[in-house]
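Student: Could you take me through one part of this model up close? I'd like to hear about the aromatic rings and how they pair up.

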Amino acid sequence: MPIVKPYLTSLRFTSTMGAGTGTGAAFAIAATAFTTDAGAAATAFPGTFAFYNLYVNGVLQAGNTSTITTTAITIPDGNAENGGTPVVVEFVVN
């Protein structure tokens, strides 16, 4: 039986598709283009987390829709979205 850590919390980061760069498979939004729940500019995404959820325009995306590092989230073909489309990345950390 796996050991479950007793403490879980979430961190949310908000931006828009217009903050991204690149096209097609290379479309990415830098972590520094996001704001935190507190309204402060983000400096990086968490280095360790249990899992993350990606919401585009308020809709939860499938798990294979994106890849993430501490510096950016890559959303293939995200450049096809309207620049004002909101993007929320929620990390569940323990």
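Predicted model: local features only at pLDDT ≥ 70, side-chain atom pairs only at ≥ 80, totals over all residues.

Tutor: The structure has seven aromatic pairs in total. Take Phe-13 and Phe-91: their ring centres sit 5.7 Å apart with the planes at 85°, and since anything over 60 counts as edge-to-face, that's what this pair is. The two come from distant parts of the chain, with Phe-13 in strand S1 and Phe-91 in strand S8 (residues 86–93), 78 residues apart. Both are tucked away: Phe-13 is buried at 6% relative accessibility, and Phe-91 is buried at 0%.

Step back and you get a cluster: ring pairs link Phe-13, Phe-34, Phe-45, Phe-49, Tyr-52 and Phe-91.

Now for that stop along the way. Leu-8 is in the segment before strand S1 (9–16). Leu-8 is exposed, with 52% relative accessible area against a cut-off of over 50%. Setting aside neighbours within four places in sequence, Leu-8 makes contact with Val-92, Val-93 and Asn-94. Gly-63, on the other hand, is 55 residues from Leu-8 in sequence and 20 Å away in space, C-alpha to C-alpha.

How values were computed: Residues numbered from 1 in each chain as written. Heavy atoms only, no water. Helix = DSSP H or I, 4+ residues; strand = E, 2+ residues; numbered from the N terminus. Buried < 20%, exposed > 50% of the residue type's maximum accessible area, 1.4 Å probe, protein only. Contact = heavy atoms within 4.5 Å. Phe/Tyr/Trp six-rings, centres within 6.5 Å; stacked < 30°, edge-to-face > 60°.
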